[in-house]
Amino acid sequence: MKLARYGRIGKEKPALVDDQGRLRDLSAIVNDIGPEQLSPKMLARLAKLDPAKLPLVRGAPRRGVPVSGVGKFIGIGLNYSDHAAEAGMPIPKEPIIFMKAITSLCGGDDPVMLPKGSKKSDWEVELGVVIGGVARSVSEKDALDYVAGYCVVNDVSEREYQLERGTQWDKGKGCDTFGPVGPWLVTKDEVPNPQRLELWLDLNGERVQTGNTKTMIFSVAKIVSYVSRFMTLMPGDIITTGTPPGVGMGMKPPRFLKRGDVMTLGIHGLGEQRQEVIAFQAP
(Lines give C-alpha, C1' and ligand atoms only; values in the text may rest on other atoms or scores of the structure.)
Protein backbone atom coordinates (compact mmCIF):
# COMPACT_ATOMS: atom_id res chain seq x y z
CA MET A 1 0.00 0.00 0.00
CA LYS A 2 1.17 3.49 -0.85
CA LEU A 3 0.07 6.45 1.24
CA ALA A 4 0.53 10.11 0.36
CA ARG A 5 -0.39 13.62 1.41
CA TYR A 6 -1.32 16.20 -1.20
CA GLY A 7 -2.12 19.89 -1.41
CA ARG A 8 -0.64 23.22 -0.42
CA ILE A 9 2.04 23.41 2.26
CA GLY A 10 0.36 23.17 5.64
CA LYS A 11 -2.98 22.19 4.08
CA GLU A 12 -2.17 18.65 2.91
CA LYS A 13 -4.86 15.98 2.76
CA PRO A 14 -4.38 12.21 3.15
CA ALA A 15 -4.50 9.95 0.12
CA LEU A 16 -4.04 6.37 -0.98
CA VAL A 17 -2.23 5.66 -4.27
CA ASP A 18 -4.09 3.22 -6.52
CA ASP A 19 -2.60 0.67 -8.92
CA GLN A 20 -2.49 3.28 -11.71
CA GLY A 21 -0.51 5.70 -9.54
CA ARG A 22 -3.51 7.99 -9.04
CA LEU A 23 -4.30 9.65 -5.73
CA ARG A 24 -7.49 8.59 -3.95
CA ASP A 25 -8.67 10.93 -1.22
CA LEU A 26 -8.80 9.47 2.30
CA SER A 27 -10.24 12.51 4.07
CA ALA A 28 -13.51 10.72 4.85
CA ILE A 29 -11.59 7.86 6.49
CA VAL A 30 -8.73 9.56 8.36
CA ASN A 31 -7.87 13.19 9.01
CA ASP A 32 -4.19 12.77 8.08
CA ILE A 33 -1.34 10.31 7.61
CA GLY A 34 0.48 10.80 10.89
CA PRO A 35 1.63 8.91 13.98
CA GLU A 36 -1.90 7.69 14.81
CA GLN A 37 -2.37 6.21 11.35
CA LEU A 38 0.95 4.31 11.31
CA SER A 39 0.03 1.61 13.81
CA PRO A 40 -0.30 -1.94 12.43
CA LYS A 41 -4.01 -1.93 13.29
CA MET A 42 -4.74 1.28 11.40
CA LEU A 43 -2.58 0.33 8.42
CA ALA A 44 -4.42 -3.00 8.22
CA ARG A 45 -7.71 -1.11 8.21
CA LEU A 46 -6.58 1.15 5.38
CA ALA A 47 -5.28 -1.83 3.41
CA LYS A 48 -8.77 -3.32 3.34
CA LEU A 49 -10.20 -0.29 1.53
CA ASP A 50 -11.19 -0.59 -2.11
CA PRO A 51 -9.35 2.29 -3.86
CA ALA A 52 -11.97 2.38 -6.61
CA LYS A 53 -14.56 3.46 -4.04
CA LEU A 54 -12.48 6.39 -2.83
CA PRO A 55 -12.77 9.84 -4.48
CA LEU A 56 -10.27 10.34 -7.29
CA VAL A 57 -8.06 13.38 -6.84
CA ARG A 58 -8.19 15.39 -10.06
CA GLY A 59 -5.25 17.11 -11.67
CA ALA A 60 -1.68 16.90 -10.47
CA PRO A 61 -1.57 18.50 -7.01
CA ARG A 62 1.62 19.00 -5.04
CA ARG A 63 2.60 16.01 -2.95
CA GLY A 64 3.88 16.87 0.50
CA VAL A 65 5.87 14.88 3.02
CA PRO A 66 3.90 11.59 3.17
CA VAL A 67 3.86 11.62 6.99
CA SER A 68 2.75 14.48 9.23
CA GLY A 69 3.81 15.08 12.80
CA VAL A 70 7.39 13.91 12.34
CA GLY A 71 9.04 14.19 15.74
CA LYS A 72 12.59 13.20 14.81
CA PHE A 73 14.42 13.19 11.47
CA ILE A 74 17.49 11.03 12.07
CA GLY A 75 20.41 10.52 9.70
CA ILE A 76 22.95 7.73 9.44
CA GLY A 77 26.31 8.75 8.00
CA LEU A 78 28.85 6.85 5.89
CA ASN A 79 26.70 3.72 5.69
CA TYR A 80 28.09 2.58 2.31
CA SER A 81 31.77 1.64 2.29
CA ASP A 82 32.34 3.04 -1.20
CA HIS A 83 30.81 6.38 -0.16
CA ALA A 84 33.08 6.47 2.90
CA ALA A 85 36.02 5.91 0.55
CA GLU A 86 35.06 8.76 -1.77
CA ALA A 87 34.63 11.02 1.27
CA GLY A 88 38.10 10.04 2.46
CA MET A 89 36.76 8.80 5.78
CA PRO A 90 37.22 5.47 7.58
CA ILE A 91 34.47 2.85 7.53
CA PRO A 92 32.60 3.32 10.80
CA LYS A 93 32.63 0.56 13.41
CA GLU A 94 29.24 1.67 14.69
CA PRO A 95 26.47 3.65 12.94
CA ILE A 96 27.13 7.39 12.81
CA ILE A 97 24.03 9.25 13.99
CA PHE A 98 23.16 12.86 13.24
CA MET A 99 19.93 14.83 13.30
CA LYS A 100 18.25 16.70 10.47
CA ALA A 101 16.00 19.52 11.65
CA ILE A 102 12.34 18.79 11.06
CA THR A 103 12.15 22.25 9.48
CA SER A 104 14.23 20.79 6.63
CA LEU A 105 11.36 18.51 5.62
CA CYS A 106 9.65 19.16 2.31
CA GLY A 107 7.78 17.28 -0.39
CA GLY A 108 9.66 15.14 -2.87
CA ASP A 109 9.09 17.54 -5.76
CA ASP A 110 9.41 20.79 -3.83
CA PRO A 111 12.31 23.12 -4.75
CA VAL A 112 15.56 22.83 -2.83
CA MET A 113 16.74 26.23 -1.62
CA LEU A 114 20.43 26.94 -1.22
CA PRO A 115 21.14 28.40 2.22
CA LYS A 116 22.52 31.90 2.46
CA GLY A 117 26.24 31.85 1.69
CA SER A 118 26.20 28.24 0.49
CA LYS A 119 29.35 27.13 -1.32
CA LYS A 120 29.20 23.34 -1.22
CA SER A 121 25.62 22.06 -1.22
CA ASP A 122 25.45 18.42 -2.26
CA TRP A 123 22.98 15.61 -3.01
CA GLU A 124 22.43 12.18 -1.40
CA VAL A 125 19.75 9.70 -2.47
CA GLU A 126 18.80 7.53 0.51
CA LEU A 127 16.34 4.96 1.77
CA GLY A 128 14.06 6.45 4.39
CA VAL A 129 12.55 4.33 7.17
CA VAL A 130 9.31 5.47 8.82
CA ILE A 131 8.72 4.22 12.35
CA GLY A 132 5.28 2.84 13.21
CA GLY A 133 5.60 1.79 16.85
CA VAL A 134 7.33 2.92 20.02
CA ALA A 135 10.83 1.38 19.87
CA ARG A 136 13.01 1.47 22.95
CA SER A 137 16.13 -0.74 23.08
CA VAL A 138 14.64 -3.25 20.66
CA SER A 139 16.59 -6.23 19.39
CA GLU A 140 17.86 -6.44 15.84
CA LYS A 141 15.71 -9.54 15.39
CA ASP A 142 12.53 -7.61 16.26
CA ALA A 143 13.49 -4.21 14.85
CA LEU A 144 11.52 -4.39 11.60
CA ASP A 145 8.32 -5.01 13.60
CA TYR A 146 8.53 -1.33 14.54
CA VAL A 147 8.76 -0.10 10.94
CA ALA A 148 5.63 1.21 9.22
CA GLY A 149 7.17 1.61 5.78
CA TYR A 150 9.79 3.11 3.52
CA CYS A 151 10.26 6.16 1.31
CA VAL A 152 12.76 8.05 -0.82
CA VAL A 153 14.82 10.75 0.90
CA ASN A 154 17.29 13.25 -0.56
CA ASP A 155 19.65 14.02 2.31
CA VAL A 156 20.78 17.37 0.88
CA SER A 157 23.94 18.52 2.67
CA GLU A 158 26.03 21.69 2.76
CA ARG A 159 29.55 20.27 3.01
CA GLU A 160 31.29 23.42 4.23
CA TYR A 161 28.78 23.77 7.05
CA GLN A 162 28.96 20.03 7.75
CA LEU A 163 32.72 19.42 7.69
CA GLU A 164 34.55 22.73 7.94
CA ARG A 165 32.71 24.49 10.76
CA GLY A 166 33.43 22.28 13.75
CA THR A 167 32.46 18.72 14.54
CA GLN A 168 28.66 18.87 14.29
CA TRP A 169 27.32 17.53 11.02
CA ASP A 170 23.86 18.86 11.87
CA LYS A 171 24.82 22.36 10.71
CA GLY A 172 25.12 21.14 7.13
CA LYS A 173 22.12 18.83 7.22
CA GLY A 174 19.21 20.79 8.61
CA CYS A 175 18.80 23.80 6.31
CA ASP A 176 15.32 24.58 5.05
CA THR A 177 14.26 22.24 2.18
CA PHE A 178 17.27 19.94 2.78
CA GLY A 179 14.98 16.99 3.52
CA PRO A 180 12.79 16.10 0.52
CA VAL A 181 10.73 13.01 1.44
CA GLY A 182 8.30 11.15 -0.78
CA PRO A 183 6.51 10.98 -3.13
CA TRP A 184 4.73 8.52 -0.85
CA LEU A 185 5.14 6.05 1.98
CA VAL A 186 5.25 2.41 0.90
CA THR A 187 4.14 0.08 3.69
CA LYS A 188 6.60 -2.62 4.71
CA ASP A 189 4.43 -5.47 3.40
CA GLU A 190 5.33 -4.28 -0.12
CA VAL A 191 9.06 -4.24 0.71
CA PRO A 192 9.85 -7.78 1.86
CA ASN A 193 13.60 -7.13 1.82
CA PRO A 194 14.77 -3.54 2.35
CA GLN A 195 18.33 -4.72 1.64
CA ARG A 196 17.65 -5.36 -2.03
CA LEU A 197 16.60 -1.94 -3.33
CA GLU A 198 18.25 -0.07 -6.20
CA LEU A 199 18.89 3.66 -5.73
CA TRP A 200 19.82 6.32 -8.29
CA LEU A 201 20.16 10.08 -8.70
CA ASP A 202 20.56 12.21 -11.83
CA LEU A 203 21.84 15.79 -11.89
CA ASN A 204 20.62 17.73 -14.92
CA GLY A 205 19.92 14.45 -16.68
CA GLU A 206 23.34 12.93 -15.94
CA ARG A 207 23.45 9.80 -13.80
CA VAL A 208 25.74 10.53 -10.85
CA GLN A 209 24.62 8.03 -8.21
CA THR A 210 23.80 4.35 -8.59
CA GLY A 211 23.68 1.91 -5.72
CA ASN A 212 21.85 -0.87 -3.95
CA THR A 213 20.91 -1.16 -0.29
CA LYS A 214 22.53 -4.61 -0.23
CA THR A 215 25.88 -2.81 0.13
CA MET A 216 24.87 -0.92 3.27
CA ILE A 217 27.35 -1.44 6.11
CA PHE A 218 24.56 -1.52 8.69
CA SER A 219 21.18 -2.97 7.70
CA VAL A 220 17.84 -1.32 8.37
CA ALA A 221 17.23 -3.77 11.23
CA LYS A 222 20.62 -3.00 12.74
CA ILE A 223 20.06 0.75 12.42
CA VAL A 224 16.61 0.71 14.05
CA SER A 225 17.87 -1.47 16.89
CA TYR A 226 21.02 0.60 17.40
CA VAL A 227 19.31 4.02 17.36
CA SER A 228 16.63 2.76 19.77
CA ARG A 229 19.33 2.21 22.40
CA PHE A 230 20.09 5.92 22.51
CA MET A 231 16.67 7.48 21.97
CA THR A 232 13.11 6.21 21.97
CA LEU A 233 11.81 6.00 18.43
CA MET A 234 8.22 7.15 18.08
CA PRO A 235 5.59 6.62 15.37
CA GLY A 236 6.23 9.11 12.58
CA ASP A 237 9.97 9.38 13.17
CA ILE A 238 12.03 9.09 9.98
CA ILE A 239 15.48 7.56 9.74
CA THR A 240 17.44 8.18 6.54
CA THR A 241 19.97 5.41 6.16
CA GLY A 242 22.97 6.66 4.18
CA THR A 243 23.90 7.17 0.55
CA PRO A 244 25.84 5.23 -2.10
CA PRO A 245 28.81 6.83 -3.91
CA GLY A 246 28.51 9.57 -6.50
CA VAL A 247 28.02 12.67 -4.38
CA GLY A 248 29.47 15.98 -5.50
CA MET A 249 32.23 16.22 -2.93
CA GLY A 250 33.66 12.92 -4.17
CA MET A 251 34.03 14.06 -7.77
CA LYS A 252 37.32 15.20 -9.24
CA PRO A 253 37.08 18.13 -9.22
CA PRO A 254 34.27 18.41 -6.65
CA ARG A 255 30.92 19.53 -8.03
CA PHE A 256 28.23 21.26 -6.01
CA LEU A 257 24.67 22.44 -6.52
CA LYS A 258 23.90 25.79 -8.09
CA ARG A 259 20.72 27.69 -8.87
CA GLY A 260 18.86 26.14 -11.79
CA ASP A 261 20.19 22.60 -11.29
CA VAL A 262 17.61 19.80 -11.35
CA MET A 263 17.91 16.63 -9.28
CA THR A 264 15.84 13.56 -10.15
CA LEU A 265 16.16 10.51 -7.95
CA GLY A 266 14.41 7.35 -6.95
CA ILE A 267 14.41 3.91 -5.38
CA HIS A 268 13.02 0.85 -7.12
CA GLY A 269 9.45 0.30 -5.94
CA LEU A 270 9.36 3.43 -3.80
CA GLY A 271 8.87 6.14 -6.42
CA GLU A 272 10.78 9.12 -7.76
CA GLN A 273 11.48 12.73 -6.81
CA ARG A 274 12.38 15.84 -8.79
CA GLN A 275 13.76 19.05 -7.28
CA GLU A 276 14.83 22.29 -8.90
CA VAL A 277 17.54 24.16 -7.01
CA ILE A 278 16.68 27.77 -6.20
CA ALA A 279 18.57 30.63 -4.56
CA PHE A 280 18.15 31.59 -0.93
CA GLN A 281 14.92 33.40 -0.16
CA ALA A 282 14.37 35.21 3.12
CA PRO A 283 11.16 34.22 4.93
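**Questions on a predicted model**

Trainee: Which residues does Ser-228 touch, not counting residues up to four places away in sequence?

Mentor: In this predicted model, residues up to four places away in sequence are set aside. What remains for Ser-228 is a set made up of Leu-233 together with Ala-135, Arg-136, Ser-137 and Val-138.

Trainee: Where is the place of Ser-228 in the secondary structure, and does Ser-228 count as buried or exposed?

Mentor: Ser-228 belongs to helix α5, which covers residues 220–230. Its relative accessibility is 2%, and the limit for a buried residue is under 20%. Ser-228 therefore counts as buried.

Trainee: What distance separates the C-alpha atoms of Ser-228 and Ala-84?

Mentor: Along the chain, Ser-228 and Ala-84 are 144 residues apart.

Trainee: What is omega for the cis peptide bond that joins Lys-252 and Pro-253?

Mentor: Pro-253 is placed in the loop between β16 (238–240) and β17 (262–267). For the cis bond joining Lys-252 and Pro-253, omega is about -5°.

Trainee: Which side chain is joined to that of Glu-124 by a polar contact?

Mentor: Glu-124 sits in the loop between β8 (121–122) and β9 (125–131), and at 4% relative accessibility it counts as buried. Leaving aside neighbours within four places in sequence, Glu-124 is in contact with residues including His-83, Asp-155, Arg-159 and Gln-209. The polar contact, at 3.5 Å, is with the side chain of Lys-173.

Trainee: How many helices and strands does the protein chain have, and what share of its residues count as buried?

Mentor: The secondary structure comes to 5 helices and 18 strands. Of the 283 residues, the share that count as buried is 55%.

Trainee: What is the radius of gyration of the protein chain?

Mentor: The C-alpha trace spans about 55 × 45 × 30 Å along its principal axes. A compact globule of 283 residues would have a radius of gyration near 19 Å. The value for the protein chain agrees with this, being 18 Å.

Trainee: How far apart do the centres of the positive and negative side chains lie?

Mentor: The accessible surface comes to about 12,500 Å², of which 52% belongs to carbon and sulfur atoms. As for charge, the protein chain has 37 positive and 33 negative side chains. The distance between the centres of the two sets is 2 Å.

Terms used: Residues numbered from 1 in each chain as written. Predicted model: local features only at pLDDT ≥ 70, side-chain atom pairs only at ≥ 80, totals over all residues. Heavy atoms only, no water. Helix = DSSP H or I, 4+ residues; strand = E, 2+ residues; numbered from the N terminus. Buried < 20%, exposed > 50% of the residue type's maximum accessible area, 1.4 Å probe, protein only. Polar contact = N/O pair within 3.5 Å; in protein donor to acceptor, adjacent residues only side chain to side chain. Contact = heavy atoms within 4.5 Å. Rg over C-alpha atoms; globule rule 2.2 N^0.38 Å. Areas by Shrake-Rupley, 256 points an atom, 1.4 Å probe, with all protein chains shown as cover. Lys, Arg positive; Asp, Glu negative; His and termini not counted. Charge placed at Lys NZ, Arg CZ, Asp CG, Glu CD.
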